[in-house]
Amino acid sequence: MRSVVRAFEAALLEILGARALLSLAIVSVLFYAFYYPAPYAQQQAQTLAIVAVDQDRTPLSRAVVRALGNTNAVRITEQAPDMMAARQAVRQRRADGIILLSKGLAAEVLDGRPGSGIAVIVNGAYFVRAEAIGRAVAEVAADQAARLGGRLGLPAGLDPAKLIVLQPLFNTTQGYRDYVFPAIINIILQQTLLFAAARLIAERRRRGVWRGGIAEALGSWAALTVIGIAAGAFVFGYAFWLQDVPRAGNGPGLLIALPLFAAAVAALGLSIGSLFDNGDDALKLLMPTSVPLVFLAGFAWPLDEMPPWLAALAWLSPSTAAMHLLVRFNQMGASIAEAIGPLAVMAGLAGGYGLLWCQRNRALVGRRD
């Protein structure tokens, strides 16, 4: 037991004393916790430039264009004579999108028949802007429907815009930061700890200081797990509070899930790092995995829409289970019973990767002997 404690202390001191390890395991978490959400602090895009193409040229279509120009979300920079001129404005970045009011719009609306309407064409490279433009157009369309309510047969004084009340359950600000940051931070926590663990063991092998005993293996694993727990506690307990990220935290659930997550990531990083004799080589392998893990985690693209083999492979990454576990506990206030599936997966990953690390350590000892 004493040898495990000594190995634990030695690993902590090595991480705190080595600039590269300190930057990966601790400084990077502090940096990303505030740097990543900073560009989205405004939460919603505003005063986006759009070009209007009015093919209908009726009082209704002109009223829609004027109403859009009065919103905070968009501003009409110009009215193009046709779509060719409007597309050219977007290509030249004079505008972020186009609103097309097709010919016959007013007649179709007044007759209550489908057909012509309003089209919104946006620059897909900026999907936050696209969502803002679409929302502004929808709000203006609802307002115009309210003004035409009498002609459409609605009771006098009834405002259709007030018939539907939208109340978000979890992303209460309906902002991009509060949607994406709680999900992405799980991958950031995983990758920073994974890189540090892999570099730690690989550099020890390069320097020839890895003795390979079970006590050293368990002590190093425990030290990295503690660092992972501390990083997660900082993010969920302080950074989210300081930046007012919506949360309905299930504290007991986080106290169970976070240590399992840190243990799984630390063991996986040590196992991967044991395959290399140089820390830089380990990082060269691991760094390109960050972007694929974002798409495999299940928030940008649902897991049930992926090929079954790919969805199953995604669960081998602790960040996937964390996405469906830590977000449920911290943002959605789910009970432990409601998150039992991802929790069981995380426990299995912690145990499985822990055994893998012990096997890799035994293999290293055998090779040395």
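Q: Why does Arg207 count as partly exposed?
A: This is a predicted model, and the values are computed from it. Arg207 has 42% relative accessibility. Buried means under 20%, exposed means over 50%, and partly exposed lies in between. Therefore Arg207 counts as partly exposed.

Q: Why does Glu14 count as buried?
A: Its relative accessibility is 19%. The cut-off for buried is under 20%. So Glu14 counts as buried.

Q: What makes Arg204 and Glu14 a salt bridge?
A: Their closest N and O atoms are 2.8 Å apart. The limit is 4 Å, between a side-chain nitrogen of Lys or Arg and a carboxyl oxygen of Asp or Glu. The pair therefore forms a salt bridge.

Q: Why does this pair tie together parts that are 190 residues apart in sequence?
A: Arg204 lies in helix α7, while Glu14 lies in helix α1 (residues 2-17), so the bridge joins parts 190 residues apart. Arg204 is buried, and so is Glu14.

Q: How do you know that Arg207 and Glu14 meet in a salt bridge?
A: The N to O distance is 3.0 Å. That is within the 4 Å limit, so the pair qualifies. Arg207 is in helix α7 and Glu14 in helix α1, so this pair ties together parts 193 residues apart in sequence.

Q: What makes Arg94 and Glu78 a link between distant parts of the chain?
A: Their side chains meet in a salt bridge, 3.3 Å from N to O. Arg94 is in the loop between α4 (83-91) and β3 (97-101), and Glu78 is in strand β2 (residues 74-79). The two are 16 residues apart.

Q: Why does Glu78 count as partly exposed?
A: Glu78 has 27% relative accessibility, so it counts as partly exposed. Arg94 counts as partly exposed because its value is 38%.

Q: Which residues do salt bridges with shared partners join into one network?
A: They are Glu14, Arg204, Arg207 and Glu216.

Q: Why is α9 described as largely enclosed by the rest of the structure?
A: Of its 23 residues, 17 are buried, so α9 is largely enclosed.

Q: How do you know that the span of α9 agrees with what it should be?
A: At 1.5 Å a residue, α9 should span 33 Å. Its end C-alpha atoms are 33 Å apart, which agrees.

Q: Which members of the largest nonpolar core touch the most other members?
A: This core has 66 residues, and Ile185, Leu189, Leu224, Phe236, Phe261, Phe299 and Trp357 touch the most others. Helix α7 gives the largest share, 17 residues.

Notes. Residues numbered from 1 in each chain as written. Predicted model: local features only at pLDDT ≥ 70, side-chain atom pairs only at ≥ 80, totals over all residues. Heavy atoms only, no water. Core = buried A, V, L, I, M, F, W, Y, C linked by side-chain atoms within 4.5 Å. Buried < 20%, exposed > 50% of the residue type's maximum accessible area, 1.4 Å probe, protein only. Helix = DSSP H or I, 4+ residues; strand = E, 2+ residues; numbered from the N terminus. Expected span 1.5 Å × (residues − 1).
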